[in-house]
Amino acid sequence: MTASTTSTPVVHLGGGLELRAGRPADLEQVGALLEARGEPGDATDHRLVVEDPAAGWGSCAVVTDGDRVICTGLLLDETVRVADVHLPAGQIELVATAESHEGRGLVRSLMGWLHERSAERGHLLQVMIGIPYFYRLFGYEYAVDVPRAREFREPPPAAAEPLLRRAGERDVPALASLQESAQAGFDVAVPHSAPRRRWLLAHDTSTTWVLERDGAVVASARTGDPDDGVLVAEPAALDRAAAEDLLRALAAQFPGEALTAVHRPGTATGTAWEHLLAAPDDLAEQYYARIADPAPVLDALRPVLHRRLVAAGLDRTGDVLLSTFRASYRMAVEPGGLGPVRAGGRLQSPGAAGGAGVAPDQLPALLLGPLGMHGLARRRPDVYPGPDAELFDALFPPLSADLLTYYLPW
């Protein structure tokens, strides 16, 4: 493959196929491809992104065969918050390939192109919801639990009159504030970006609702249509009373429909609705994550890691050594914090040097996931704390997470 030297190069894949950034002239073809291979509304969602100046056509990749678009994908800007550290991240969405060109490695080329653009934007990692297994082929691994949708054990009581209304542009600050409050108690969070809030109000694959009290927005939720009934996602409320009113209003908005809610433990809606929800099933559902270069991610997380050591009384001088076996990373424990990450070469036996080992594909789960070092080490022989288990259990504890995405996690 060859590429031009421009910031968004054209890559020649052979056989007349080219991989490049999308252009306005591609809009109709990309939309038709997405609708043919994806879900209703995908073309609208794509248009909302590429026609928004905050994203634009530079977010879109296409593969062309002559004048025909035969593969496409979108790169979205995200932020992953870990405690009070905000990591710039990318999310790839709306990937589709024409049936006539499947099995030719086009998605692999497209994903590589989008990952290069993600790195150019300064993203330190990528996260996504994706079809089972497939994206593990491109460096992703399951890392963060998806909150499970749970049925109500009995129909929620309906309000005397519908109190909800569809959210509009004027509600964006209130929506952002409610979600920030709901996510504050989670160790890891991905909020909606400002552009995506606009797109969600305009698209037709989910509906954002708000509930008012004395003229002020006090609760919100997104609804989508699962296979049976109405899915309630991203519920957020100012207080327990608002959460209870939100549920009654949703029941009135969808009379006769079975409601299923995404449970957000510890939030106002989570607390108010918990006793009404059936127990979740125990099937695994997780978000994908990808970390191509661990050094800048670990470097960004140094303040969080040091606070964990201090809280555990383990901020003793020396080096913290973490090996991914094909590379190694050291941070000096200093009086004022952890020193900059020093990347090194292969280290197959980090335990012999007092360090811990983590397979590179398990690093996202270690840094973002619900198992921590101890839980991962019980499940994976290529993740272990080495001789100082207390130190690495403190550095990498189990984390709670709440991720908001373009599409509902169903």
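Residues are numbered from 1 along each chain as its sequence is written, and side-chain values use heavy atoms, with hydrogens and water left out. In this predicted model, local features need pLDDT of at least 70 and side-chain atom pairs count only at pLDDT 80 or more, while totals for chains, interfaces and linings use all residues.

Side chains of opposite charge can pair when their charged atoms come close. A search of the whole structure finds 23 salt bridges (a side-chain nitrogen of Lys or Arg within 4 Å of a carboxyl oxygen of Asp or Glu). One of them joins arginine 121 to aspartate 77, at 3.0 Å from N to O. Arginine 121 lies in the loop between helix 3 (106-120) and strand 7 (125-128), and aspartate 77 in strand 5 (residues 68-82), so the pair ties together parts 44 residues apart in sequence. Helices (H or I, at least four residues) and strands (E, at least two) are DSSP runs, numbered from the N terminus. Arginine 121 is partly exposed, at 31% relative accessible area, and aspartate 77 is partly exposed at 37%; buried means under 20%, exposed over 50%, and partly exposed in between (1.4 Å probe, protein chains only).

A salt bridge also links arginine 150 and glutamate 274 (3.4 Å, N to O). Arginine 150 lies in strand 9 (residues 149-151) and glutamate 274 in the loop between helix 7 (268-273) and strand 16 (286-290), so parts 124 residues apart in sequence are tied together. Arginine 150 is buried, at 9%, whereas glutamate 274 is partly exposed, at 34%.

Within helix 3, glutamate 120 and arginine 117 lie 3 residues apart, about one turn of the helix. Their side chains meet at 2.9 Å, N to O, and arginine 117 is buried at 5% relative accessibility.
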